[in-house]
Amino acid sequence: MSFAVFSYEGLVHAVSGAMGSVTAMTVFFPLDSARLRLQVDENRRAKSTPAILAEIIKEEGLSAMYRGWFPVICSLCCSNFVYFYCFHSLKAGWLKGKQSTASTDLVVGFAAGVINVLLTTPLWVVNTRLKLQGSKFRNAHIRPTNYSGILDSFAQIVRGEGVGALWNGTLPSLLLVLNPAIQFMIYEGLKRQMRRGLLRELSSVEVFIIGAVAKAVSTIATYPLQTVQSILRFGQFSESAVESKLRSSLRTIKCLLVNRVRTYGMLGLFKGLEAKLLQTVLTAALMFLLYENIASCTFRVMGLSSKQHKRH
């Protein structure tokens with residue numbers, strides 16, 4: 001197992017995944033900005049994604065589309081490096097040369113997701129705050145923040161809210177590891193099915209399509225929890241200080257979901273889904289396309305056999 005966990009192959013997958021995700025997110029970042037506004041600002045009416053983007057540009061300027069880009073990219077790079085490294089290394093150690101199955105992909109994806117959440121949640125809390133700083137909200141109860149950068153955000157959050165605040169939204173994030181686990185299970189499963197009987201690599205179009213399908217299914221299945229996660233990371237929801245952390249977090253998640261349904265109906269749980277699907281499906285599809293090409297080229301350039309890469 002130790003050889004598999006600390007392998008060069010795992011490092012190639014991690015770097016390829018990180019580079020692919022950073023490039024894809026940069027291309028579709030404005031769509032993520034629209035999605036986050038709809039999730040966090042309850043008084044903002046749910047309009048079409050182009051209408052939300054036009055509204056933000058009119059009120060806050062064109063640069064608002066890429067507000068918080070750097071901390072998001074830093075968080076995404078670290079997060080995907082950890083996830084891809086853990087996913088491929090743990091799977092290599094488990095399979096030991098055997099063919100993978102859907103259940104293996106799901107279990108390994110879940111384990112990699114838990115490790116990723118525990119290590120990178122503070123980065124996501126900070127980037128959520130920075131991304132929304134200076135936004136013009138419809139909700140008057142949202143307090144303005146004044147962070148000068150990533151390090152200052154960490155310092156202010158720890159000083160004002162305690163170290164634990166850096167892990168706000170960890171419970172829904174742990175529940176949400178099902179999202180990448182389902183995504184990778186579907187992606188790897190479709191890849192295995194399409195490769196059967198083929199003597200060639202999958203085309204770019206094929207990789208793009210199966211990446212999009214995998215992400216669309218996982219996003220729709222877990223979207224209500226993603227909304228709760230965004231609200232908690234933003235830090236503008238008060239939790240009970242009397243109850244235990246776990247019980248308080250579970251009660252908070254339930255409270256947020258119930259309030260959402262009471263205020264907006266069942267469709268309120270999916271407010272911003274159009275923007276999220278548009279952004280996340282396109283981003284994931286482009287990320288998988290770049291990841292496969294970067295990994296394949298790296299293995300080829302280094303003179304390594306790509307059999308292992310294909311087998312996974």
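By the rule used here, there are 4 cavities of 30 Å³ or more in this structure. Bear in mind throughout that this is a predicted model.

I will start with the largest cavity. Rolling a probe the size of a water molecule over the atoms shows where empty space is left. In the largest cavity that space comes to about 900 Å³. Its lining is made up of 39 residues. Nearest the centre of the largest cavity are Leu-76, Ser-79, Trp-124, Lys-215 and Lys-276.

Which helices supply at least two residues each of that lining? They are H2, residues 8-40; H4, residues 69-95; H5, residues 102-132; H8, residues 178-195; H9, residues 204-234; and H11, residues 273-301. H5 gives the largest share of the lining, with 9 residues. As for residue class, the lining of the largest cavity has 19 polar, 14 nonpolar and 6 charged residues.

Now to the packing of the helices, where I will follow H8. Two packed helices are described by the angle between their axes and the distance between the axes.

Take H5 and H8 to begin with. Their axes lie 8 Å apart, and the packing angle is about 150°. Angles over 145 degrees count as roughly antiparallel, so H5 and H8 are roughly antiparallel to each other. The crossing of this pair, H5 and H8, is right-handed. On the H5 side, the residues in contact are Ala-102, Asp-105, Leu-106, Gly-109 and Phe-110. On the H8 side, they are Leu-178, Ala-181, Ile-182, Met-185, Glu-188, Gly-189 and Arg-192. Sorted by class, the contact of H5 with H8 holds 7 nonpolar, 2 polar and 3 charged residues.

Next, H4 and H8. The axes of H4 and H8 come within 13 Å and cross at roughly 55°. H4 is therefore oblique to H8. This crossing of H4 and H8 is right-handed. From H4, the contact uses Tyr-83, Phe-84, Phe-87, His-88 and Lys-91, and these meet Pro-180, Ala-181, Phe-184 and Glu-188 of H8. The contact of H4 with H8 divides into 6 nonpolar residues, 1 polar and 2 charged.

The remaining pair on my list is H8 and H11. What angle do H8 and H11 pack at? The angle is about 55°, and the axes of H8 and H11 are 13 Å apart. H8 is therefore oblique to H11. H8 passes H11 in a right-handed crossing. H8 contributes Gln-183, Phe-184, Tyr-187 and Lys-191 to this contact, while H11 contributes Ala-284, Met-287, Phe-288 and Glu-292. The contact of H8 with H11 has 5 nonpolar, 1 polar and 2 charged residues.

Methods. Residues numbered from 1 in each chain as written. Predicted model: local features only at pLDDT ≥ 70, side-chain atom pairs only at ≥ 80, totals over all residues. Heavy atoms only, no water. 1 Å grid on protein atoms, 1.4 Å probe; cavity = no way out; pocket = protein on both sides within 12 Å on 5 of 7 lines; lining within 4 Å. Points joined across faces, edges and corners; volume = space filled by probe spheres on them. Helix = DSSP H or I, 4+ residues; strand = E, 2+ residues; numbered from the N terminus. Nonpolar A, V, L, I, M, F, W, Y, C, P; charged D, E, K, R; others polar. Axes fitted to C-alpha atoms, helices over the stretch in contact; angles between N-to-C directions. Parallel < 35°, antiparallel > 145°, perpendicular 65-115°, else oblique. Left-handed = near helix turned anticlockwise from the far one by under 90°. Contact = heavy atoms within 4.5 Å.
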